[in-house]
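Keep the sequence and the structure in view while reading.

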Amino acid sequence: HFSSGKEGKSTSENTVTLPPLPVSAGGIVYLNSDSLLDEFTYFKEKRKVLEETQAKVKAELKVQGDKLQKEIEEYQQQAVGMTDLQRQQKEEQLGVKQQQYLQHRDDALARLEEETNKSSEEVYDKLGTYLKDFNKGKNYQFILGYQKGGGILFANDSLNITKQIIKGLNEKYSSK
């Protein structure tokens, strides 16, 4: 009466009916963490922004590093004709510039790491919030994250809820 008899098949071009959720005797199901991160639209967008930011920072650091290197090479060529005092002053200037460059590089890399950590935290907060809502009425005791090479060495495919989670997360994200 309520089923079309087409579980797991596409019902229209835009809608895919997913298989029913597993019934776990132990109240344990899992989702594939790698697939989740590859297919969760919010995470893909965050990753793209971080990659663009990282590319900009790398390009900026390369320009600054090349400029400093050029200045050092020019000094090395001109050092022969300089007095001891001029060489000392120029070396001090270059030393200060090098320290400033290194400090700027370290600050930029720390900002990138902070942005990456913040983004990861946002993704996992969204996932955690969604999983709490998702589990209402299902009473799963555990929803484990599975990934190849991780701590879970085997997972029965019948307990995999990855597709349902990805579909729900993407629908929730796209509705905002």
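The model is predicted. Its mean pLDDT is 87, and 85% of the residues reach 70 or more. Residues 1–12 have pLDDT under 50, and the model gives them 9 contacts beyond four places in sequence. Where pLDDT is low, the predicted coordinates should not be read in detail.

Helix 2 runs over residues 41–78. With 38 residues at 1.5 Å a residue, helix 2 should span 56 Å, and its end C-alpha atoms are 56 Å apart, so the two values agree. The buried residues of helix 2 include Tyr-42, Phe-43, Leu-50, Val-57 and Leu-61. Among the elements that cover the buried residues of helix 2 are helix 1 (33–39), helix 3 and helix 4 (162–174).

Helix 3 takes in residues 84–135, Arg-105 among them. Arg-105 is 44 residues from Leu-61 in sequence, yet their C-alpha atoms are 6.7 Å apart in space. Arg-105 counts as partly exposed because its relative accessibility is 30%. Ser-119 is also in helix 3, and it counts as buried because its relative accessibility is 6%. Beyond four places in sequence, Ser-119 touches Lys-46 and Leu-50.

Side chains of opposite charge can pair when their charged atoms come close. The structure holds 9 salt bridges, and the table lists some of them.

| Side chains | Distance, N to O |
|---|---|
| Asp-66 and Lys-62 | 2.9 Å |
| Lys-90 and Glu-71 | 3.8 Å |
| Lys-97 and Glu-71 | 2.6 Å |

Asp-66 and Lys-62 both belong to helix 2 and are 4 residues apart, about one turn of the helix. Asp-66 is partly exposed, with a relative accessible area of 43%, whereas Lys-62 counts as exposed at 51%.

What does Glu-71 join with Lys-90 and Lys-97 to form? The salt bridge of Lys-97 and Glu-71 has an N to O distance of 2.6 Å. This pair links distant parts of the chain, with Lys-97 in helix 3 and Glu-71 in helix 2, 26 residues apart. Through shared partners, salt bridges join Glu-71, Lys-90 and Lys-97 into one network. Glu-71 counts as buried at 16% relative accessibility, while Lys-90 is partly exposed at 21% and Lys-97 is partly exposed at 36%.

Leu-144 is in strand 2 (residues 142–146) and counts as partly exposed, at 32% relative accessibility.

Note on methods. Residues numbered from 1 in each chain as written. Predicted model: local features only at pLDDT ≥ 70, side-chain atom pairs only at ≥ 80, totals over all residues. Heavy atoms only, no water. Helix = DSSP H or I, 4+ residues; strand = E, 2+ residues; numbered from the N terminus. Buried < 20%, exposed > 50% of the residue type's maximum accessible area, 1.4 Å probe, protein only. pLDDT = per-residue confidence, 0-100. Contact = heavy atoms within 4.5 Å. Expected span 1.5 Å × (residues − 1). Salt bridge = Lys/Arg side-chain N within 4 Å of Asp/Glu carboxyl O.
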